[in-house]
Amino acid sequence: MSKHEDLLHMLLHADGEFVSGEDISRHLAISRTAVWKHVNKLRDMGYEFEAVSRKGYRLVTKPEKIDAAALQLALKTTVFGRKAVMLPSTLSTQGDVQKLAEEGVDEGAVVFAEEQTGGRGRFGRKWFSPSGKGIWMSVLLRPELAIQHTPQLTLLTGVAVCRAIRACTGAQAGIKWPNDLLIDGRKMCGILLESTVEDHEVRYCVAGIGVDANFDKHDYPEDLQHIATSLKIETGQPVDRTALAAAILTELEHLYFLYQKEGFSVIASLWEASSVSLHRKVTITNPHGVIEGTTVGLDPSGALVVEKQDGQRELIVSGEVSWKS
């Protein structure tokens with residue numbers, strides 16, 4: 001148990017009473033200055049304290065956590081989320097689900113973390129995922145699917161998350177190809193789908209989902225404040241993260257089974273209806289260079305179709321899409 005976890009244990013068992021800094025210092029074998037630092041660490045995790053001279057520290061409120069029992073009650077699924085692992089902190093839920101997959105765990109297993117210390121986005125970028133502020137989750141998929149069709153699962157996941165957010169919060173989220181959700185041009189959700197392949201066949205996929213749920217503006221680092229937003233900021237109301245997580249898993253299972261039964265066309269139609277990327281003049285940067293044109297739709301493969309100025313159409317399977325507001 002870490003020092004701040006040990007401190008939290010002490011304050012929780014004090015049942016709302018003050019615990020002196022001297023007692024904490026002696027119990028944890030640390031200085032009074034170090035006690036203050038660990039209190040601030042817990043504050044960063046969403047705990048609130050009252051600090052009074054000569055009395056010490058008293059726990060006032062605890063952050064609302066994604067609750068395992070409430071999640072199971074809220075789920076309307078047969079498979080997805082029925083095995084759910086809840087972690088207070090982890091490096092990355094992607095890695096945790098990959099370990100479960102290698103152990104043979106069934107499809108639909110999900111790992112949630114209150115915080116990720118090494119959350120990942122596309123192209124190895126870091127995903128800012130502090131404690132208690134968002135939904136940081138990864139889901140195990142075991143599709144019978146050719147490797148070239150796995151990008152379709154990214155689009156499917158985006159549709160599922162978008163529909164769940166709209167239904168639960170009323171926020172008018174839209175999908176930016178291929179894997180971001182935006183509100184008024186600001187990013188509030190990212191999706192990362194990673195596949196493990198053996199002998200040219202997909203063994204399993206891990207769908208990582210990060211939703212900025214209950215951030216306030218000051219929670220973001222300065223470099224993210226002008227490009228990121230949260231559901232709380234946009235709606236003015238805190239989000240019930242357990243209910244939203246259940247809605248995401250329910251929608252994801254529904255669309256995943258629909259996809260397996262009817263193919264990608266129905267998912268493509270839903271994606272296009274929720275997209276903010278279509279019929280725009282865009283610039284796309286990928287390893288092959290820079291492409292400029294107008295987005296006109298999805299190819300049956302899931303690639304983005306861009307019509308260039310000369311009238312030729314090009315299929316984009318990866319890259320960064322940008323446009324002028």
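Contact is taken here as heavy atoms within 4.5 Å. Helices (H or I, at least four residues) and strands (E, at least two) are DSSP runs, numbered from the N terminus. The model is a predicted one, in which local features need pLDDT of at least 70 and side-chain atom pairs count only at pLDDT 80 or more, while totals for chains, interfaces and linings use all residues. Residues are numbered from 1 along each chain as its sequence is written, and side-chain values use heavy atoms, with hydrogens and water left out.

The protein chain is divided into domain 1 (3–61), domain 2 (68–273) and domain 3 (280–322), with bounds that come from an automatic or database domain assignment. Between domain 1 and domain 2, the C-alpha centres are 34 Å apart.

Helix H2 spans residues 21–28, and Gly21, Ile24, Ser25 and Leu28 are buried in this helix (buried means under 20% relative accessible area, exposed over 50%, partly exposed in between, with a 1.4 Å probe and protein chains only). These residues lie on the same side of H2 because they cover an arc of only 100° around the axis, the arc being that of the directions from the helix axis to the C-beta atoms. An α-helix has 3.6 residues a turn, so residues three or four places apart point the same way. Glu22 and Arg26, on the other side of H2, are exposed. The cover over the buried residues of H2 includes helix H1 (3–13), helix H3 (32–44) and strand E2 (56–61). After H2 comes Ala29, with a positive phi near 60°.

UniProt, in an unreviewed entry, lists residues 21–40 as "DNA-binding region"; its positions are given in the numbering used here, feature names are shortened, and annotations may be inferred rather than shown by experiment. The span of residues 21–40 is 85% helix and 0% strand, and its end C-alpha atoms lie 14 Å apart.

For "binding site", the unreviewed UniProt entry lists Gln116, Arg120, Gly121, Arg122 and Lys187. Gln116 is in the loop between strand E4 (110–113) and strand E5 (134–141) and is buried, at a relative accessible area of 12%. Not counting residues up to four places away in sequence, the residues that Gln116 touches include Thr90, Trp127 and Trp136. Its side chain reaches the backbone nitrogen of Thr93 at 3.0 Å. The loop between E4 and E5 also holds Gly132, which counts as buried at 15% relative accessibility. Apart from neighbours within four places in sequence, Gly132 is in contact with Glu114 and Arg241.

Gln94 belongs to helix H5 (residues 93–102) and is buried, with a relative accessible area of 3%. The side chains of Gln94 and Ser138 are joined by a polar contact of 2.6 Å (a pair of N or O atoms within 3.5 Å; within protein, one must be able to donate a hydrogen and the other to accept it, and residues adjacent in sequence count only if both atoms are side-chain atoms). The Gln94 side chain also reaches the backbone oxygen of Leu192 at 3.5 Å.

The largest nonpolar core has 61 residues, of which Ile165, Leu181 and Val211 touch the most other members; such a core is a set of buried Ala, Val, Leu, Ile, Met, Phe, Trp, Tyr and Cys residues joined through side-chain atoms within 4.5 Å. Helix H8 (residues 241–262) contributes the largest share of this core, ten residues. A second, separate core of 17 residues includes Leu8, Val39, Tyr47 and Tyr57.
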